[in-house]
Amino acid sequence: MTHPSRTGDVPAVTGIPVEAALPTAGSQTATTTGPPRHPPGQFKDIWRRYRRNKLAMVGLLIVAILVVTAIIGPYVTPYDAFDQNLLDTTAPPSPQHLLGTDVLGRDMFSALVYGVRLAMIVALSTVALSLVLGVTLGAIAGFHGKASDTAIMRTTDIFLAFPLLVGAIVVVRAAGPGVWPVIVALALFSWATSARLMRGQALALRESEYVEAARSIGAGNRRIIVRHILPNAIAPVFVYAFTSIGVVVVALASLSYLGIGVPPNVPEWGRLISQSVQFLRVPGKTHLWLSPAVAICVTTLAFALVADGLRDALDPKLRGAG
Amino acid sequence: MGTFILRRGVQAVLVLLVATLVIFLATFALGDPFASTGEKVVPPQVQAINRAKFGLDKPLPIQYLTYLGNLVHLDFGIDFDQRRQVSSMLAETLPNTIRLALVAILIDVLIGVVAGVIAAVKRYSFWDVLVTVLSTLAIGIPTFVIGIVLVGFVSGSWIFPVVPRSFTVQVPWYQEVLLPAFTLAIIDAAFIARLMRGSMLEVLRSDYIRTARAKGLSERTVIGKHAMRNSMIPVVTYVGISLGILLGGAIITETIFQYNGIGYLLARAIQNSNVPVIIAVVVVSVLIFVLLSLVVDILYAFLDPRIRLD
């Protein structure tokens, strides 16, 4: 049995533990992965498995389009997303306005494109922030146990005791309107879940044979956490983080729907819906609330698909079984 | 077990104290509720009388301690808007929220566990693909949008009450609870199905399942008793957290459907900076969550004896 450090020239955070390259003891579902071999480059391997998933590839394509739209979109749209035209409100789709105009006479297409940018900035920053916090604290809590576990878990208790939106509302109201208060507030009330997930994983893995084996040959705590626990535990946490991008996109929209967060004149998706609430049951005005709703759906769905693909590609236990 | 519960009880009280302190301090940034705003000019004398009436003239620590003291007697103070007892507003709305949460959880656990087990046991079959595709869609389409679409297309038809609602019209509880409960249940059902499928697949590959099969146990016993019980751990955690969140008021869904629960109460309180109501709702949801968290931990240990309690 090769000790992981022998092949340890690849970053451990790719989520593929070296153990997985060894043949799994013939379980019912997994076919044998063949004799021990050197993995053909971890990222290449993940990509190879990811590519096989058609839906995930579609998701990735949409995410790519969203990201490109977020970066260059507002510079190429026909109208300024903030330009109101109170003489031409709630217009149906036409050659001048591809998706019609909203209740303030803004070009809906340009407004939605601006919304992509806002959603991407908020979602990616929030998830990155909460992931760093959650994984670090969760791993420490689960592995070390005792006082650090108690301290960290009681802290997550406090943060988890506030529902995401309620907590975010309080913080955003206290900090004032703007994009950064929203990011910080959402990260503050979402890191605890990934910390708990991470802790649960670390707790279970701490007792596993390979951690015991690593310890028996003299590996230190730090090494065991970084090399053995993290790679094996990170996959569900990472997938959770990716799924939570959708949650953040929705939370941003929800905050705006309630009238807090980004300033009211910003064409944010939730804001576009809330300003059209009085048209909810009006025939012929469906596009007012349906187009931002579809924009939210497409975004969250695309990220969910990518998260799925990643989960399958990262999960070492499913390796060779797919 | 007894000492464990006692210790967690003490921890729960500490969490509650910190959380109330946080919410108490944060709400003070919401601004002075009695100051002049826009066209509304309030004479300074009236402002002073109002502040004295609600105890806002006292220093912050005194206010906090007074609040905690009253809290023990379930006295949440008087709200700024209608000058009603906040406790009576809670008594009015909390049962609705509990009902909504329970109905939603019931729907999502039923759908989620059944779908997840089927998908895992019949892996790569038509059912597995169906569960995967449906759960992907359900997770991809946010609750918020589902709620809006249901209000736009379904509310007002069949037995479902019209939104916007009039609270003077009495509707049987199951008529008003169904649409929001369904809205809330969809995403949780999808997550539970996934969690269940994932952990079930993992468990099914484990040695003790092989042993169980080798002993000649029926597939029903292997799946129903050995595999399911061991796969439930992530689901229990998820349901615990989810129930805690739902009981704390599904603020967006309740607001969209104008469902008279504590979430909608909170949404309205935030609109007009009704601080006593905001604090009360958040404190109640925190309290509920802390209690549930304790229950989840005990269940967790019950389901997986390897997890140490002490």
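# Close-up views of a two-chain predicted model

**View 1. Where chain B meets chain A.** Here 42 residues of chain B are in contact with 41 residues of chain A, two residues being in contact if their C-beta atoms, placed from the backbone, lie within 7 Å. On the chain B side, each of α1 (2–28), α5 (126–140), α6 (143–153), α7 (173–204), α9 (219–247), α10 (251–257), α11 (262–271) and α12 (275–303) supplies at least two residues that touch chain A. Helices (H or I, at least four residues) and strands (E, at least two) are DSSP runs, numbered from the N terminus. The most comes from α1(B), with 7 residues. Sorted by class, this side of chain B has 28 nonpolar, 10 polar and 4 charged residues. In that sorting, Ala, Val, Leu, Ile, Met, Phe, Trp, Tyr, Cys and Pro count as nonpolar, Asp, Glu, Lys and Arg as charged, and the others, Gly among them, as polar.

A word on reading these views: this is a predicted model, in which local features need pLDDT of at least 70 and side-chain atom pairs count only at pLDDT 80 or more, while totals for chains, interfaces and linings use all residues. Residues are numbered from 1 along each chain as its sequence is written, and chains are lettered from A and ligands numbered from 1 in the order in which they are written.

**View 2. Chain A as a whole.** Chain A has 11 helices and 0 strands. Of its 322 residues, 49% are buried; a residue is buried if 20 or more other C-beta atoms lie within 10 Å of its own, exposed if 12 or fewer, and partly exposed in between, with C-beta atoms placed from the backbone. Among the contacts in chain A with a separation of 6 or more, 71% are between residues 24 or more positions apart.

**View 3. Helix α5 of chain A.** This helix (residues 164–175) has 12 residues and reaches 16 Å from its first C-alpha to its last, close to the 16 Å expected at 1.5 Å a residue. The expected span is 1.5 Å times one less than the number of residues. Mostly covered, α5(A) has 10 of its 12 residues buried, including A:Leu164, A:Ile169 and A:Arg173. After α5(A) comes A:Gly176, with a positive phi near 95°.

**View 4. A:Arg206 in its helix.** A:Arg206 is in helix α7 (residues 191–206) of chain A. Why is A:Arg206 counted as partly exposed? Because A:Arg206 has 18 C-beta neighbours inside 10 Å. Not counting residues up to four places away in sequence, A:Arg206 touches A:Gly142, A:Phe143 and A:Val211. A:Val262, 56 residues apart from A:Arg206 in sequence, is 43 Å away in space, C-alpha to C-alpha.

**View 5. B:Val235 and its partners.** B:Val235 is in helix α9 of chain B and is buried, because 22 other C-beta atoms lie within 10 Å. Leaving aside neighbours within four places in sequence, B:Val235 is in contact with B:Val113, B:Ile192, B:Leu195 and B:Met196. B:Ser199 is 36 residues apart from B:Val235 in sequence and 9.0 Å apart in space, C-alpha to C-alpha.

**View 6. Two loop residues of chain B.** Most residues other than glycine have a negative phi. B:Arg83, not a glycine, has a positive phi of about 55°. B:Arg83 is in the loop between α3 (60–72) and α4 (86–121) of chain B and is exposed, with 9 other C-beta atoms within 10 Å. B:Gln258 also has a positive phi, near 50°. In the loop between α10 and α11 of chain B, B:Gln258 counts as buried, with 20 C-beta neighbours inside 10 Å.
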